[in-house]
Amino acid sequence: MTGEFLAFLVLALSAIGGGILMLNLQKVVHMVVALVFTFISIAGLYVLLHAEFLAAVQVLIYSGAITILMLFGIMLTNHNATNEKKISMGRNIIILLGIIGFGLAIYFGIYDLELGEQATDLHVDNTEKIGLALYSKFVIPFELMSVVLLVALVGAIVLAKKDKEEEANEE
């Protein structure tokens with residue numbers, strides 16, 4: 001067992017655990033924290049795959065920006081915490097069997113998979129190559145996406161503010 005394999009196991013299990021926690025927690029803020037845990041574990045998996053740029057983007061964009069936007073959305077909306085009834089034990093067993101079946105299907109599907117000869121120099125200067133492609137060929141779509149995200153953020157704030165004003169007028 002190598003250190004890389006051990007790191008993969010720890011990161012993969014923590015990503016899966018964070019996903020399971022996110023689905024099973026009751027409070028929305030706790031769900032967002034579990035989601036951040038999953039995002040950071042996935043960034044660690046990207047580092048193991050020598051995709052440092054994707055790992056940095058994962059941490060900056062998903063673990064940082066998207067999570068902050070989710071927290072703002074939670075704070076700006078009226079979130080009434082209602083306790084829904086718990087899922088029955090029979091349904092939990094069926095879900096567990098489905099997960100185990102899916103895992104076995106994936107395992108047997110890739111067990112004897114031949115990918116051919118693998119390239120050993122794919123990760124050399126990959127961040128530089130991505131940067132050159134992004135800022136030379138795709139600079140306009142990149143900038144347009146930032147404008148679209150800004151418009152969506154401003155629209156969410158305006159909609160949340162209208163709801164607050166309507167509630168104040170009703171009272």
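Helix α2, residues 28-48, contains 21 residues and spans 31 Å from its first C-alpha to its last, close to the 30 Å expected at 1.5 Å a residue; the expected span is 1.5 Å times one less than the number of residues. Helices here are DSSP runs (H or I, at least four residues), numbered from the N terminus. The model is a predicted one, in which local features need pLDDT of at least 70 and side-chain atom pairs count only at pLDDT 80 or more, while totals for chains, interfaces and linings use all residues. Residues are numbered from 1 along each chain as its sequence is written, and side-chain values use heavy atoms, with hydrogens and water left out.

Among the buried residues of α2 are V32, L35, F39 and L45, where buried means under 20% relative accessible area (1.4 Å probe, protein chains only). Their cover includes α1 (3-24) and α3 (52-76). Just after α2, H50 adopts a positive phi of about 60°.

S14 lies in helix α1. This residue counts as buried because its relative accessible area is 16%. Leaving aside residues up to four places away in sequence, S14 touches F37 and S41, a contact being heavy atoms within 4.5 Å. S41 is itself one of the buried residues of α2.

Helix α3 also takes part in the second largest pocket: α3 and α6 (139-170) each supply at least two residues of its lining. The largest share of that lining, 9 residues, comes from α3.

Technical notes. Buried means under 20% relative accessible area, exposed over 50%, partly exposed in between (1.4 Å probe, protein chains only).
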